[in-house]
Amino acid sequence: MAIAKAERLMNLALCLLGTGRPLSKRELRGSIEAYMEASTDDSFNRMFERDKDDLRELGLVIETVESLDGDIGYVARRDSNRLPPITLDAEEAAALGLAAKVWQQARLAGAASGALQKLRAAGMPETEDVYEDRHSALEPRIPVHEAAFEPLMLACRDRRPVVFDYRKANAARPEQRHVEPWALECWRGHWYLAGHDRDRGAERVFRLSRISGRVRARTGAFTAPVPDVVTVRETVESWAGETATRTALIRLRAGCGYPLRARAVGLRELGDGWDELEIPYGHGLDAWLVEFGPDAVVLEPADLRADVVDRLRAVAKG
């Protein structure tokens with residue numbers, strides 16, 4: 001069975017690399033013997049989708065192209081699947097080895113390990129593993145707990161639109177979002193997706209922990225241009241109030257709201273279990289304060305207090 005699958009994958013890769021134009025599923029089924037032997041269209045479709053995903057996982061760049069008639073075709077362009085000669089010095093090789101250790105997820109760890117093996121086979125110098133046989137309290141890790149991470153990572157890589165249910169900070173229920181994903185970035189322990197929100201016709205940033213249910217890929221090309229540089233972190237900082245333009249006075253319950261306390265530029269004990277904090281903020285602080293519920297009360301400015309009250313009322317109404 002393993003040999004048969006390897007042969008099928010090889011034949012599919014050769015077809016996609018050898019064509020001068022995108023090939024439809026029907027054309028691929030008529031060109032590969034294993035696909036011809038599929039008993040039904042459903043079994044062929046399942047087999048083809050698994051094979052396509054496996055080839056992409058192995059590093060083959062497969063483009064999905066939609067014709068003017070709406071037909072979907074597939075092609076692996078040679079220029080997209082050919083790397084120039086790679087020359088790395090010892091320091092660069094060490095940096096890649098360290099980066100490969102960062103990921104905790106098994107699937108990403110396997111991909112990183114496989115990439116290192118290919119580079120070493122091509123002549124990348126061996127380097128000393130600074131973490132080998134050492135028991136350090138500090139070791140680099142990027143945690144990925146959200147189920148949405150992997151499908152969104154693949155959608156960003158393959159430039160595929162997606163649909164998912166998203167719950168905003170001030171909403172009681174999630175709503176469906178149609179997004180053209182650009183890039184993922186980890187900031188302050190949370191993963192964020194930047195992309196073009198088709199429903200709103202503008203760039204938006206989504207926190208992955210607020211995505212519920214399954215991320216579903218959609219066919220078709222992007223409708224908006226992808227920026228040359230996607231500044232996820234700068235956008236998140238702005239929406240989270242990190243780009244400070246003013247200060248706010250917050251009454252905070254003692255022993256609560258440690259993220260707010262970490263950002264405070266001034267703190268005064270009010271007694272009766274409450275403290276007063278002065279916090280620099282910009283756009284988006286109202287959405288963040290809602291997450292602290294009754295433990296945080298805005299004293300000033302008045303417009304921020306009104307925004308927080310409106311959000312809390314919206315949550316209470318459900």
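The buried residues of helix H4 (41-57) are Ser43, Phe44, Met47, Phe48, Asp51, Lys52, Leu55 and Arg56, where buried means under 20% relative accessible area with a 1.4 Å probe and protein chains only. Helices (H or I, at least four residues) and strands (E, at least two) are DSSP runs numbered from the N terminus. The model is predicted, so local features need pLDDT of at least 70 and side-chain atom pairs count only at pLDDT 80 or more, while totals for chains, interfaces and linings use all residues. Residues are numbered from 1 along each chain as its sequence is written, and side-chain values use heavy atoms, with hydrogens and water left out.

The 17 residues of H4 should span 24 Å at 1.5 Å a residue, which agrees with end C-alpha atoms 24 Å apart; the expected span is 1.5 Å times one less than the number of residues. Gly59, with a positive phi near 110°, follows H4.

The largest nonpolar core has 17 residues, among which Leu12, Leu16, Leu28, Tyr35, Phe48 and Leu55 touch the most other members. Helix H1 (2-18) and helix H4 (41-57) are the elements that give two or more residues to this core. Such a core is a set of buried Ala, Val, Leu, Ile, Met, Phe, Trp, Tyr and Cys residues joined through side-chain atoms within 4.5 Å. Leaving out residues up to four places away in sequence, Leu12 touches Leu28, Ile32, Tyr35, Phe48, Asp51, Lys52 and Leu55; contact means heavy atoms within 4.5 Å.

An open sheet is formed by four strands in the order E9-E10-E8-E11, with antiparallel pairing; two strands pair if DSSP finds at least two bridges between them. Its strands are as follows.

| Strand | Residues |
|---|---|
| E8 | 246-253 |
| E10 | 274-281 |
| E9 | 266-271 |
| E11 | 296-300 |

E9 and E11 are the edge strands, each pairing on one side only. Eight bridges join E8 to E10, and Leu249 stands opposite Glu278 in E10. Helix H11 (residues 302-317) packs on the sheet and touches E8, E10 and E11.

Elsewhere, Arg177 is found in strand E4 (residues 175-187). Arg177 is buried because its relative accessible area is 3%. The side chain of Arg177 makes a polar contact with the side chain of Asp197 at 2.9 Å. A polar contact is a pair of N or O atoms within 3.5 Å; within protein, one must be able to donate a hydrogen and the other to accept it, and residues adjacent in sequence count only if both atoms are side-chain atoms.

How values were computed. Buried means under 20% relative accessible area, exposed over 50%, partly exposed in between (1.4 Å probe, protein chains only). Axes are lines fitted to C-alpha atoms, for helices over the stretch in contact, and angles run from 0 to 180 degrees between N-to-C directions.
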